[in-house]
Structures are given as C-alpha cells and as structure tokens.
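Thanks for asking me to look this one over. My notes follow as numbered points, beginning with a question.

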Amino acid sequence: YERLCWTKRVQENAFREQFVGFTAERLGTVVAVKSKDCKHEVQRELQQSVRLLDGVIENALGQLEDEVTQLKQDIDVSKEVEKKANTFIFHMKAFKNEFERFVGDYFEGEGVKEEGVFGGGG
C-alpha cells in the first residue's frame, strides 16, 4: 500500500512539475507577445505625439518669424520717422535762429530783443 501511495505521490509531483514547467513556458510566451505588442503600441503613440508636437512647433516658429518680420518693418518705419523728426528739429532750430536774428536786425530799438521772441529771454 505504501509503495502504491508513494508511487502515486511521485506521479502527482512529476505531473505538477510538468504542469508548472508547461505553464511557465506558456506564460513566458504570453509575456513576450504582450510585451512586443505593448512596445509597438508605445512606439506608435510616441511617433504620433512627435508628429503632433512637430506641427505645433512649426506653427509657433512660423508665427514667430512673422512677428520678427513685422517688428523689423516697424523698426525701419521708426528709424525713418526719427530721421525725419531730427531733420525737422534741425530746421526748426535754424528757423528760430534766423527769426531771432531777423528780429534783432530789424527791431533793435523797440524792446523785443531784451524780452526774447519766445518769451523768457531766449
């Protein structure tokens, strides 16, 4: 009886070992396949994200380039206005000097020169 029980136990243990080995092998295969599937899914999602971000970056760069171009044009206009303003100021100062010289030459004795043409003595 003991020998039959022991043999059955040995057979059960051998079957368990075979089952555990088979199950481990199958589980390893499932894990490998699922890992490969997950890897491909992650790669696909990353590629999609990169394409999306690339589009966003290209759009932002285009907008920045447009803004830089507009700012350069604004700077050119400002420089032109500044140049014209400086020319105008130069001519106004020359006109003021000529006018005060005119007043000094033609109205010398009438008290205008002492007070100044624009008030306050000069």
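Is Phe107 buried, partly exposed or exposed? With a relative accessible area of 32%, Phe107 is partly exposed, because it falls between the 20% and 50% limits that separate buried from exposed. Please keep in mind throughout that this is a predicted model.

1. Overall make-up. The protein chain contains 2 helices and 0 strands. Helix H1 covers residues 2-106, and helix H2 covers 112-115. Phe107, the residue I opened with, sits in the loop between H1 and H2.

2. Burial and surface. Of the 122 residues in the protein chain, 2% are buried. The chain exposes about 11500 Å², and carbon and sulfur atoms supply 60% of that area.

3. The nonpolar patch. On the surface, Phe88, Ile89, Met92, Phe95, Phe99, Phe102, Tyr106 and Phe107 form a nonpolar patch. Together these residues have about 830 Å² of accessible area. Phe107 belongs to this patch while lying in the loop between H1 and H2. Two other members, Phe102 and Tyr106, both lie in helix H1.

4. The aromatic pairs. The count of aromatic pairs comes to 3. In one of them, the ring centres of Phe102 and Tyr106 are 4.7 Å apart and the planes are at 45 degrees, so this pair is tilted.

5. Tyr106 is exposed, because its relative accessible area is 58% and the cut-off for exposed is over 50%. Phe107, at 32%, counts as partly exposed.

6. The negative patch. There is also a charged feature to look at. Asp54, Glu58, Glu65, Asp66 and Glu67 gather on the surface in a patch of negative charge. One of these residues, Asp54, has its place in helix H1. Asp54 counts as partly exposed, at 43% relative accessibility.

7. Where to look when you open the model.

Technical notes
Residues numbered from 1 in each chain as written. Predicted model: local features only at pLDDT ≥ 70, side-chain atom pairs only at ≥ 80, totals over all residues. Heavy atoms only, no water. Helix = DSSP H or I, 4+ residues; strand = E, 2+ residues; numbered from the N terminus. Buried < 20%, exposed > 50% of the residue type's maximum accessible area, 1.4 Å probe, protein only. Areas by Shrake-Rupley, 256 points an atom, 1.4 Å probe, with all protein chains shown as cover. Patch = residues over 30% accessible without salt bridge, like charges linked within 9 Å, V, L, I, M, F, W, Y side chains within 5 Å. Salt bridge = Lys/Arg side-chain N within 4 Å of Asp/Glu carboxyl O. Lys, Arg positive; Asp, Glu negative; His and termini not counted. Charge placed at Lys NZ, Arg CZ, Asp CG, Glu CD. Phe/Tyr/Trp six-rings, centres within 6.5 Å; stacked < 30°, edge-to-face > 60°.
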